[in-house]
Amino acid sequence: MALAGFPLAVACDISTVAIAEMNKKKRNREQQQQQHFPDLTFAVVDILSEVESTYVDEFDAVIDKGLFDAMMCDDSTATREKALRMFENLNSMMKDGAIYFCVSLAEEVRGAPRSSSFSFDSTSALLILFLF
């Protein structure tokens, strides 16, 4: 995204190992290409925990490329509650009018419709794109 010209990008993962690896790749790419990406950061974030004040009302867009699928591993009440908590936390992280874009494989266990668009609240939109 930084190469595409997005002015600010924060990539999040719950794994400190994954974030350390991404920071290493960023440094290597900067050295190889002699480019600097100061607005590209990587952060350890547990989306099920209370959102750090740093991230409240911070993002214009959220791109989910696997979290929703990972969260919806079964159709249990506990799983649905975790997914709801995830969406509540994402909503608090997003600015008014922000977009949440999710790419999902939409396996049948999720019980989700193949395509869905609805609001987090009155000003933020949710778009889930399912791939077959």
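Student: Are Tyr55 and Phe59 buried or exposed?

Tutor: Buried means under 20% relative accessible area, exposed over 50%, and partly exposed in between, with a 1.4 Å probe and protein chains only. Tyr55 and Phe59 are both buried. Please note that this is a predicted model, in which local features need pLDDT of at least 70, side-chain atom pairs count only at pLDDT 80 or more, and totals for chains, interfaces and linings use all residues. Residues are numbered from 1 along each chain as its sequence is written, and side-chain values use heavy atoms, with hydrogens and water left out.

Student: How many aromatic pairs are there?

Tutor: Rings of Phe, Tyr and Trp (its six-membered ring) pair if their centres lie within 6.5 Å; planes under 30 degrees apart count as stacked, over 60 as edge-to-face and the rest as tilted. The count here is three aromatic pairs. Tyr55 and Phe59 form a stacked pair, 5.9 Å centre to centre with 20° between the planes.

Student: Why is the pair of Phe87 and Tyr100 called edge-to-face?

Tutor: Their ring centres are 5.6 Å apart and the planes stand at 85°, so the pair is edge-to-face. Because Phe87 lies in helix α3 and Tyr100 in strand β4, the pair ties together parts 13 residues apart in sequence. Helices (H or I, at least four residues) and strands (E, at least two) are DSSP runs, numbered from the N terminus. Phe87 is buried at a relative accessible area of 14%, and Tyr100 is buried at 1%. Ring pairs also link Phe68, Phe87 and Tyr100 into a cluster.

Student: Which residues of the largest nonpolar core touch the most other members?

Tutor: In soluble globular proteins, nonpolar side chains tend to be buried together. A nonpolar core is a set of buried Ala, Val, Leu, Ile, Met, Phe, Trp, Tyr and Cys residues joined through side-chain atoms within 4.5 Å. In the largest one, of 19 residues, they are Tyr55, Phe68, Met86, Leu90, Met93 and Tyr100. Two or more residues come from each of β3 (59-64), α2 (67-71), α3 (77-93) and β4 (94-104), and α3 gives the most, with five. A second, separate core of five residues includes Ala9, Ile19, Phe37 and Leu40.

Student: By class, which residues make up the lining of the largest pocket?

Tutor: Ala, Val, Leu, Ile, Met, Phe, Trp, Tyr, Cys and Pro count as nonpolar, Asp, Glu, Lys and Arg as charged, and the others, Gly among them, as polar. The lining has 31 nonpolar, one polar and 10 charged residues.
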